[in-house]
Amino acid sequence: GFVMEQPIERRLRKAEFLFVEHKLKEYPVNKKLIAEYEEQSDNLLSGTRKAMGGQPGGGGIGRPTEATAIQLALLERTAKCEYFWIKAIEDVLEILSPGEKLLVELKYFEGHLSNVGVALELAVSEREFYRRRDHILRLFARRFGLI
């Protein structure tokens, strides 16, 4: 899995910070997109096999097979763009403490609570919330290859 080699000292630049937050907020939607791609991919492939009687095709690619291949390629391109980010986010989630995971879920995955809302939910001061959030976002930035 993902391991942190050394502490991260510097603060994230604004663009890095916003990028990491954006990817975290997109995570639940992109996770669904990939699951749909995998399901449709399986359905398309099994449908193609059934249409061909479960046997390999004969002399060439028929129109149904060609259409299936094109549809699958388009789905695959969309899903593959997000695989890296999904995997990177899940790598970091594995090493976070339960409290850190909860912060990420409350702030980015679920209702997108305000910073004050997350601090209240975690029963910490706003200052402590910011300290924890900034540390967590630096972990994601490191895994994303930004720092």
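Which residues does Phe109 touch, not counting residues up to four places away in sequence? The list runs to Leu24, Tyr27, Pro28, Ile89, Leu93 and Val104, where contact means heavy atoms within 4.5 Å. The model here is a predicted one, so to speak of local features takes a pLDDT of at least 70 and to count side-chain atom pairs takes pLDDT 80 or more, while totals for chains, interfaces and linings use all residues. Residues are numbered from 1 along each chain as its sequence is written, and side-chain values use heavy atoms, with hydrogens and water left out.

Phe109 also turns up in the nonpolar core. The largest such core has 33 residues, and those with the most contacts inside it are Leu24, Ile89, Leu96, Val104, Phe109 and Phe140. A core of this kind is a set of buried Ala, Val, Leu, Ile, Met, Phe, Trp, Tyr and Cys residues joined through side-chain atoms within 4.5 Å. Buried stands for under 20% relative accessible area, exposed for over 50%, and partly exposed for anything in between (1.4 Å probe, protein chains only). At least two residues of the core come from each of α1 (14–51), α2 (63–95), α3, α4 and α5 (126–144); α2 gives the most, with 8 residues. Helices here are DSSP runs (H or I, at least four residues), numbered from the N terminus. In soluble globular proteins, nonpolar side chains tend to be buried together.

Leu139 is found in helix α5, and is counted as buried because its relative accessible area is 8%. Leu139 and Val92 sit 47 residues apart in sequence, yet their C-alpha atoms are 7.0 Å apart in space.

Next comes the pairing of α3 and α4. Two packed helices are described by the angle between their axes and the distance between the axes. For helix α3 (residues 98–109) and helix α4 (residues 115–122), the axes come within 10 Å and cross at roughly 145 degrees. These axes are lines fitted to C-alpha atoms over the stretch in contact, with angles running from 0 to 180 degrees between N-to-C directions. The crossing of α3 past α4 is right-handed, that is, the near helix is turned clockwise from the far one by less than a right angle. On the α3 side, Gly99, Leu102, Leu103, Leu106 and Lys107 meet Asn115, Val118, Glu121 and Leu122 of α4. The residues of this contact divide into 5 nonpolar, 2 polar and 2 charged (Ala, Val, Leu, Ile, Met, Phe, Trp, Tyr, Cys and Pro count as nonpolar, Asp, Glu, Lys and Arg as charged, and the others, Gly among them, as polar).

As for charges, the structure holds 11 salt bridges, each a side-chain nitrogen of Lys or Arg within 4 Å of a carboxyl oxygen of Asp or Glu. One of them joins Glu90 to Lys31, with the closest N and O atoms 2.6 Å apart. This pair links distant parts of the chain, Glu90 in helix α2 and Lys31 in helix α1, 59 residues apart. Glu90 is partly exposed at 24% relative accessible area, and Lys31 is partly exposed too, at 38%.

Other bridges stay within a helix. Asp91 and Lys87 meet at 2.6 Å, N to O, and both lie in helix α2, 4 residues apart, about one turn of the helix. Asp91 counts as buried because its relative accessible area is 6%, whereas Lys87 is partly exposed at 45%. In helix α5, Glu128 and Arg132 are likewise 4 residues apart, about one turn, and their side chains form a salt bridge of 2.8 Å, N to O. Finally, Arg10, Arg13 and Glu16 are linked in a network of salt bridges.
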